[in-house]
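Biologist: I'd like to learn how to read a protein model. Could you walk me through it, one feature at a time?
Modeller: Gladly; let's look at it together.

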Amino acid sequence: MISASAHSPNLLHFLTTKADDKVVDRIIECVLDAVDYALNRSQPRRESFRHTRFTAFVKNVIKRTKAAMAVLLVTLVYVERAKPHLEISDEEWASERIFLGALIVASKYVNDYSFRNTHWGISTGIFGKRDVERIEREFLAVLDWELRFDETDVLIQYYPLAPNQVSPSSLLCIEPPKTAPVLSTQAFIAEPYYQTFPSDISR
């Protein structure tokens with residue numbers, strides 16, 4: 001197991017915090033940018049109704065699932081990784097599907113325990129179990145099942161969210177290893193979801 005001293009102390013502290021509006025807004029913007037890229041838009045389009053609906057969707061799912069900061073940062077990593085490979089034929093619900101796919105995959109990769117797909121569907125208030133299964137399967141296909149990430153991947157997503165007083169140099173490891181380490185399980189452990197749904201957990 002990699003020692004905590006090998007990781008950015010600022011990042012480790014950030015992982016203990018809860019999602020605020022800045023984090024939620026960052027997720028929303030990254031997903032919408034990915035949609036714009038997939039649709040080959042030169043200028044971002046933020047249609048009022050869809051933007052409002054998607055914002056409410058993201059906030060609702062994060063609140064209902066109590067998604068830990070670790071999961072949300074990995075969600076951002078996966079959205080960015082998927083961006084060049086997305087193919088969108090119908091924009092309707094595209095943002096919601098990309099976000100949900102990234103969140104589910106991140107949750108299942110980071111956590112020992114996660115929601116069953118039935119509960120993911122309930123948390124959205126929109127999608128059913130079969131929808132969730134398809135969204136997860138399609139997102140994994142877009143990623144080509146490439147789920148591993150290292151600290152550099154996470155720091156890239158963390159830096160825009162870091163407090164103003166944090167300088168780029170302070171994000172580096174105290175004693176940087178020769179290559180960026182894969183974050184240890186203990187460094188990225190998330191709050192167990194069974195606090196929300198105690199009777200039905202998948203592993």
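Biologist: What percentage of the residues of the protein chain count as buried?
Modeller: A word on the ground rules first. This is a predicted model, so local features need pLDDT of at least 70 and side-chain atom pairs count only at pLDDT 80 or more, while totals for chains, interfaces and linings use all residues. Residues are numbered from 1 along each chain as its sequence is written, and side-chain values use heavy atoms, with hydrogens and water left out. Buried means under 20% relative accessible area, exposed over 50%, and partly exposed in between (1.4 Å probe, protein chains only). Here, 44% of the 203 residues of the protein chain count as buried.

Biologist: Which pattern does the protein chain follow along the sequence?
Modeller: Helices (H or I, at least four residues) and strands (E, at least two) are DSSP runs, numbered from the N terminus. This protein chain has eight helices and two strands, in the order α-α-α-α-α-β-α-α-α-β.

Biologist: Which residues have the most contacts inside the largest nonpolar core?
Modeller: A nonpolar core is a set of buried Ala, Val, Leu, Ile, Met, Phe, Trp, Tyr and Cys residues joined through side-chain atoms within 4.5 Å. The largest one here has 53 residues, and those with the most contacts inside it are I27, V58, Y78, F99, L103 and F139. At least two core residues come from each of α2 (21-38), α3 (48-65), α4 (69-82), α5 (94-110), α7 (129-143) and α8 (151-158). Helix α4 gives the largest share, eleven residues.

Biologist: Which residues does F99 touch?
Modeller: Contact means heavy atoms within 4.5 Å. Leaving aside residues up to four places away in sequence, F99 touches I27, V31, F54, F57, V58, V61, I62 and T75. For the protein chain, take contacts between residues at least 6 apart in sequence: 85% of them join residues at least 24 apart.

Biologist: Which residues of α8 are buried?
Modeller: An α-helix has 3.6 residues a turn, so residues three or four places apart point the same way. In α8 the buried residues are E151, V154, L155, Q157 and Y158. Seen down the axis of α8, they fall within an arc of 160°, so they line one face of the helix. That arc is taken over the directions from the helix axis to the C-beta atoms.

Biologist: How many salt bridges does a search of the whole structure find?
Modeller: Side chains of opposite charge can pair when their charged atoms come close. A salt bridge is a side-chain nitrogen of Lys or Arg within 4 Å of a carboxyl oxygen of Asp or Glu. The search finds nine in the whole structure. In one of them, the side chains of R50 and E92 meet at 2.8 Å, N to O. R50 lies in helix α3 and E92 in the loop between α4 and α5, so this pair ties together parts that are 42 residues apart in sequence. R50 and E92 also belong to a network of salt bridges that links D36, R41, R50, R53, E91, E92 and E96.

Biologist: Is E136, the partner of K108 in a salt bridge, buried or exposed?
Modeller: E136 is buried, with a relative accessible area of 14%, whereas K108 is partly exposed at 32%. Their side chains meet at 3.1 Å, N to O. The pair links helix α5, which holds K108, to helix α7, which holds E136, across 28 residues.
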